[in-house]
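Here is a brief report on one protein chain. Keep the sequence and the 3D view open as you read.

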Amino acid sequence: MEAKIRQETTEDRSAVYEINSIAFGQENEAKLVDLLRKSDAFIPALSFVAILDHKIVGHILFTKIKIIDNDHKEFDSLALAPMAVRPECQQKGIGGQLIKTGLDKARELKYKSVIVLGHEHYYPKFGFVPADKWRIKAPFDVPKNVFMGLELLTDGLKGVSGTVKYPKEFERKQRTANRVFIKSELMCNRAEKVQSHSVGYKIIAL
Ligand SMILES: CC(C)(COP(=O)(O)OP(=O)(O)OC[C@H]1O[C@@H](n2cnc3c(N)ncnc32)[C@H](O)[C@@H]1OP(=O)(O)O)[C@@H](O)C(=O)NCCC(=O)NCCS
């Protein structure tokens with residue numbers, strides 16, 4: 001099913017909030033998008049909506065991140081997150097169209113790489129491979145195969161290694177009993193898939 005993909009506008013924001021809330025079954029990711037739009041990490045040209053029958057049915061966001069190596073050297077990259085498609089429109093290729101359009105635009109804007117935390121069978125379809133290939137690590141414990149990187153141009157990650165630093169908006173600290181849960185769209189419990197068709201994991205880092 002061919003959707004129209006275009007850059008998000010101010011008028012789209014409430015529809016984007018609704019799509020993220022419905023697709024994730026909670027408002028955390030919708031709120032995260034609102035926070036990221038106000039942050040330095042936001043790149044308006046890399047926030048896209050998918051339109052089907054004149055209705056917004058999907059959204060994807062790429063934000064600026066840093067990869068910091070042991071010598072404190074910083075490398076610019078992008079995080080793909082979050083991404084959502086209305087449940088009744090999933091499994092039709094719309095998510096894939098959003099990813100491909102986003103990657104093409106990021107390449108055009110001269111970004112060299114993208115990092116994603118997600119399903120190990122889905123993102124490789126778009127060229128992502130486990131980020132440990134470049135010794136790039138997540139800032140939290142996560143299975144190696146779900147933390148992936150993609151070079152937008154040849155050798156886009158050559159000489160790059162280290163730990164990813166996400167925008168602070170991704171961190172939502174919540175104290176429960178004696179445990180501190182650092183919870184965000186990226187950090188959810190792998191055992192708890194959000195929904196059967198979801199290709200993203202919820203991981204809770206303790
Ligand atoms: C993740 C998400 C955005 C994917 O959107 P989507 O539009 O369903 O994605 P696609 O249709 O491109 O791909 C999903 C599956 O449908 C398959 N598919 C793609 N085109 C298809 C078509 N025309 N017909 C049938 N199936 C198709 C894909 O191969 C993929 O299969 P897989 O699960 O075996 O890998 C959507 O599932 C979602 O909103 N989930 C909840 C939120 C979430 O978890 N977000 C990710 C956080 S990182």
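## Confidence

This is a predicted model. The protein averages a pLDDT of 87. A score of at least 70 is reached by 83% of the residues.

One stretch needs care. Over residues 173-206, pLDDT stays under 50. The model has 63 contacts beyond four places in sequence for this stretch. Where pLDDT is low, the predicted coordinates should not be read in detail.

## The nonpolar core

The largest nonpolar core has 55 residues. Val 114 and Val 116 have the most contacts inside it. Helices H1 (13-24), H2 (28-37) and H3 (94-108) are among the elements that each supply at least two residues of this core.

Start with Val 114 in the viewer. Neighbours within four places in sequence are left aside here. Val 114 is then in contact with Phe 62, Ser 77, Leu 78, Leu 80, Leu 103, Ala 106, Leu 150 and Leu 152.

## Strand S3 and its partners

In S3, 10 of the 14 residues are buried, so the strand is largely enclosed by the rest of the structure. S3 pairs with S2 in the antiparallel sense, over seven bridges. Ala 50 stands opposite Gly 58 of S3. The two strands, S2 and S3, form a hairpin with two residues between them. Asp 53, in that turn, has a positive phi of about 50°.

S3 also pairs with S4, again antiparallel, over 10 bridges. Here Lys 64 has Leu 78 of S4 as its bridge partner. Leu 78 is also one of the contacts of Val 114. S3 and S4 form a hairpin with five residues between them. His 72 lies in the turn and has a positive phi of about 65°. Strand S9 (residues 162-165) pairs with S3 too, in the antiparallel sense over three bridges. Ile 67 stands opposite Val 164 in S9.

## Helix H2

Which residues of H2 are buried? They are Glu 29, Ala 30, Leu 32, Val 33 and Leu 36. Seen down the axis of H2, these buried residues fall within an arc of 160°, so they line one face of the helix. An α-helix has 3.6 residues a turn, so residues three or four places apart point the same way.

What does that buried set pack against? The buried residues of H2 pack against H1, S2, S3 and S4.

Definitions and conventions. Residues numbered from 1 in each chain as written. Predicted model: local features only at pLDDT ≥ 70, side-chain atom pairs only at ≥ 80, totals over all residues. Core = buried A, V, L, I, M, F, W, Y, C linked by C-beta atoms within 7 Å. Buried ≥ 20, exposed ≤ 12 C-beta atoms within 10 Å, placed from the backbone. Helix = DSSP H or I, 4+ residues; strand = E, 2+ residues; numbered from the N terminus. Contact = placed C-beta atoms within 7 Å. Pairing = 2+ DSSP bridges. Arc of directions from axis to C-beta. pLDDT = per-residue confidence, 0-100.
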